[in-house]
Amino acid sequence: ELDHGAGLPRDDAFVELGKMAASRAYYASAMGVITRDSSLRVETLADLQGMRVGAVSGTLAGSALAVYRNGLLLKGLVTLSQRDNLLEALEAGKFDATLTPLNRFGAYRVAHPATKLARTTYIHPLRFNLGFVGLENAPETLGAADRVIARALESGDLERWAVAAGATWVPPAEPDINP
């Protein structure tokens, strides 16, 4: 006999973990401007005026482009759906530049080592620090994570590891992590 329903609720016991606490941040997730022309200088979003700029609707980067200076870039905005591959469309020449999370660009470069796409120096000021979480009642675990992160930040290892992996590393900014 076929079962066509969702079934009965699971009888597994739930284990309450307790309160979670954050380690210090080790990385900041950020968005940057990517172009097809490596000689193009973009130091602010205003530098994108007069260009065709790709934006994925419903994303933070797309919204940042659309609302920048009350719509300054809207005239040149080329809107894509969330199903479209933004960086492939840029590479295909559908627009001249885009704002995208730098980790997405890093992953694209790893998957497409012959890409001609280039990152500009511009990094959007909105960033999200990342760290680890652990149980608040196990401070020794978070303390160990904090010590390793502090050493890797001070020695430059985090940046070296990111470069070796083909990723863009952006240092975390204060405040580290909000409770």
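This is a predicted model: local features need pLDDT of at least 70, side-chain atom pairs count only at pLDDT 80 or more; totals for chains, interfaces and linings use all residues.
Close-up 1. The phi angle of Asn 70 is near 55 degrees, a positive value in a residue that is not glycine. With a relative accessibility of 81%, Asn 70 counts as exposed. Arg 69 is likewise placed in the loop between α1 (60–67) and β5 (77–80), and its phi, near 45 degrees, is again positive in a residue other than glycine. The relative accessible area of Arg 69 is 57%, and this residue is therefore classed as exposed.

**Close-up 2. The stacked ring pair of Tyr 26 and Phe 132.** A search of the whole structure returns 2 aromatic pairs. One of them, formed by Tyr 26 and Phe 132, is stacked, with 5.1 Å from centre to centre and 25 degrees between the planes. Tyr 26 comes from the loop between β1 and β2 (27–29), whereas Phe 132 comes from the loop between β8 (128–130) and β9 (133–135), so the pair ties together parts of the chain that are 106 residues apart in sequence. Both rings belong to one aromatic cluster, which is made up of Tyr 26, Tyr 27 and Phe 132. Tyr 26 is partly exposed, at 24% relative accessibility, and Phe 132 is also partly exposed, with a relative accessible area of 44%.

**Close-up 3. The salt bridge between Asp 96 and Arg 52.** The count of salt bridges in the model comes to 2. In one of these, the side chains of Asp 96 and Arg 52 meet with an N to O distance of 3.2 Å. Because Asp 96 sits in the loop between α2 (86–91) and β6 (97–101) and Arg 52 in the loop between β3 (31–35) and β4 (53–56), the pair ties together parts that are 44 residues apart in sequence. Asp 96 has a relative accessible area of 23% and is partly exposed, as is Arg 52, with a value of 36%.

**Close-up 4. The salt bridge between Asp 157 and Arg 160 within helix α5.** Here the side chains of Asp 157 and Arg 160 are joined in a salt bridge, with 2.6 Å from N to O. Both residues lie in helix α5 (residues 157–164), where they are 3 residues apart, or about one turn of the helix. Asp 157 counts as partly exposed at 25% relative accessibility, and Arg 160 counts as partly exposed at 46%.

Close-up 5. Helix α4 covers residues 139–155, and its 17 residues reach 24 Å from the first C-alpha to the last, close to the 24 Å expected at 1.5 Å a residue. The buried residues of this helix are Leu 142, Gly 143, Ala 145, Ile 149, Ala 150 and Ala 152, and the elements against which the buried residues of α4 pack are β1, β9 and α5. After α4 comes Gly 156, whose phi is positive, near 85 degrees.

Close-up 6. Met 31 is part of strand β3 and counts as buried, at 6% relative accessibility. When neighbours within four places in sequence are left aside, the residues in contact with Met 31 are Leu 60, Ala 61, Leu 99, Thr 100, Pro 101, Leu 102, Tyr 122, Ile 123 and His 124. Of these contacts, Leu 102 lies 71 residues away from Met 31 along the chain, while the C-alpha atoms of the two residues are separated by 5.3 Å.

Close-up 7. Leu 17 itself is found in the segment before β1 (20–22) and, with a relative accessible area of 57%, is exposed.

Close-up 8. The peptide bond from Glu 174 to Pro 175 is cis in the model, with an omega near -10 degrees. Pro 175 is located in the segment after α5.

How values were computed:
Residues are numbered from 1 along each chain as its sequence is written. Side-chain values use heavy atoms; hydrogens and water are left out. Helices (H or I, at least four residues) and strands (E, at least two) are DSSP runs, numbered from the N terminus. Buried means under 20% relative accessible area, exposed over 50%, partly exposed in between (1.4 Å probe, protein chains only). Rings of Phe, Tyr and Trp (its six-membered ring) pair if their centres lie within 6.5 Å; planes under 30 degrees apart count as stacked, over 60 as edge-to-face and the rest as tilted. A salt bridge is a side-chain nitrogen of Lys or Arg within 4 Å of a carboxyl oxygen of Asp or Glu. The expected span of a helix is 1.5 Å times one less than its number of residues. Contact means heavy atoms within 4.5 Å.
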